[in-house]
Amino acid sequence: TRVGRSQGVNLILASQRPNGQFGTEPWICGDQNAVFPLAVAWSLEASRYHRDAAVLQAVVRGGDALIEAQDAEGMWTFRKKDHSTWGQILMPWTYSAWIHAYQLVREAMSAAQRRRWDRGLALGFGNIAARCLDRVHNIPAHHAMALYSAGEVLGRDEWKAQSQAFMARVVAEQSPHGWWPEHQGPVVEYNFVYINALGVYHAVSGDPGVSAALERGASY
């Protein structure tokens with residue numbers, strides 16, 4: 001409902017700390033995925049938060065917190081809420097949420113804010129392009145989807161071409177029955193990751209080469 005959506009936005013805003021981080025302690029980079037729903041709420045004309053200055057500021061501060069937490073290669077610590085850490089990672093879901101938020105709010109940001117985000121996103125996606133598309137797997141598929149949007153936003157046509165070529169490999173790896181192999185067979189949860197990656201990629205690129213794979217995956 002409209003009330004429920006408003007409460008969701010308010011809860012996200014209330015969870016943001018002065019340093020821009022969202023969520024509960026311990027902070028994890030995935031907490032910043034909230035920049036995307038906030039950007040959507042800010043961008044939709046039917047939203048009560050349409051063009052709301054406070055929501056835009058929360059998105060900007062949320063992205064700035066990601067920049068502050070990046071290491072020299074654009075990675076974040078893979079931390080979980082139980083305080084365990086799994087090393088450094090170019091977290092695919094966080095990079096996709098960040099770049100898709102940027103697509104929605106970029107023109108409303110100041111020039112200085114855009115320069116800061118451009119540097120942070122270029123650092124991460126530059127390393128994603130260089131390192132993360134070496135094999136067909138659910139995480140590289142998600143990286144490739146976000147890389148297409150990064151190429152559009154940051155004017156890197158070679159990233160868009162790289163994304164398209166990788167998605168063709170993803171389609172080629174799909175079984176005739178609509179699933180992708182993980183651990184020598186279909187894994188339903190991972191299939192959702194592939195379909196999400198291909199679906200968002202199709203929406204932003206219009207690439208007809210993935211349509212049949214989406215249909216097979218939905219049927220499966």
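**Loops and a helix pair**

Author: Arg 51 is exposed, having a relative accessible area of 52%. Happy to start there, with the note that this is a predicted model. Arg 51 sits in the loop between helix 2 and helix 3, and its phi is near 60 degrees, a positive value in a residue other than glycine. Most residues other than glycine have a negative phi, and most peptide bonds are trans.

His 83 also has a positive phi, near 80 degrees, and is not a glycine. You will find His 83 in the loop between strand 1 (76-79) and strand 2 (85-89). With a relative accessibility of 59%, His 83 counts as exposed, the cut-off being over 50%.

Now for a peptide bond: Glu 25 and Pro 26 are joined in cis, with omega at about -5 degrees. Pro 26 lies in the loop between helix 1 (2-14) and helix 2 (35-43).

Helix 3 (residues 53-69) packs with helix 5 (residues 111-131) at an angle of about 40 degrees, and their axes are 10 Å apart. Helix 3 is therefore oblique to helix 5, and it passes helix 5 in a left-handed crossing. On the helix 3 side, the contact is made by Gln 57, Val 59, Val 60, Gly 63, Asp 64 and Ile 67; helix 5 contributes Gln 113, Arg 116, Trp 117 and Gly 120. Sorted by class, this contact has four nonpolar, four polar and two charged residues.

Conventions:
Residues numbered from 1 in each chain as written. Predicted model: local features only at pLDDT ≥ 70, side-chain atom pairs only at ≥ 80, totals over all residues. Heavy atoms only, no water. Axes fitted to C-alpha atoms, helices over the stretch in contact; angles between N-to-C directions. Helix = DSSP H or I, 4+ residues; strand = E, 2+ residues; numbered from the N terminus. Parallel < 35°, antiparallel > 145°, perpendicular 65-115°, else oblique. Left-handed = near helix turned anticlockwise from the far one by under 90°. Contact = heavy atoms within 4.5 Å. Nonpolar A, V, L, I, M, F, W, Y, C, P; charged D, E, K, R; others polar. Buried < 20%, exposed > 50% of the residue type's maximum accessible area, 1.4 Å probe, protein only.
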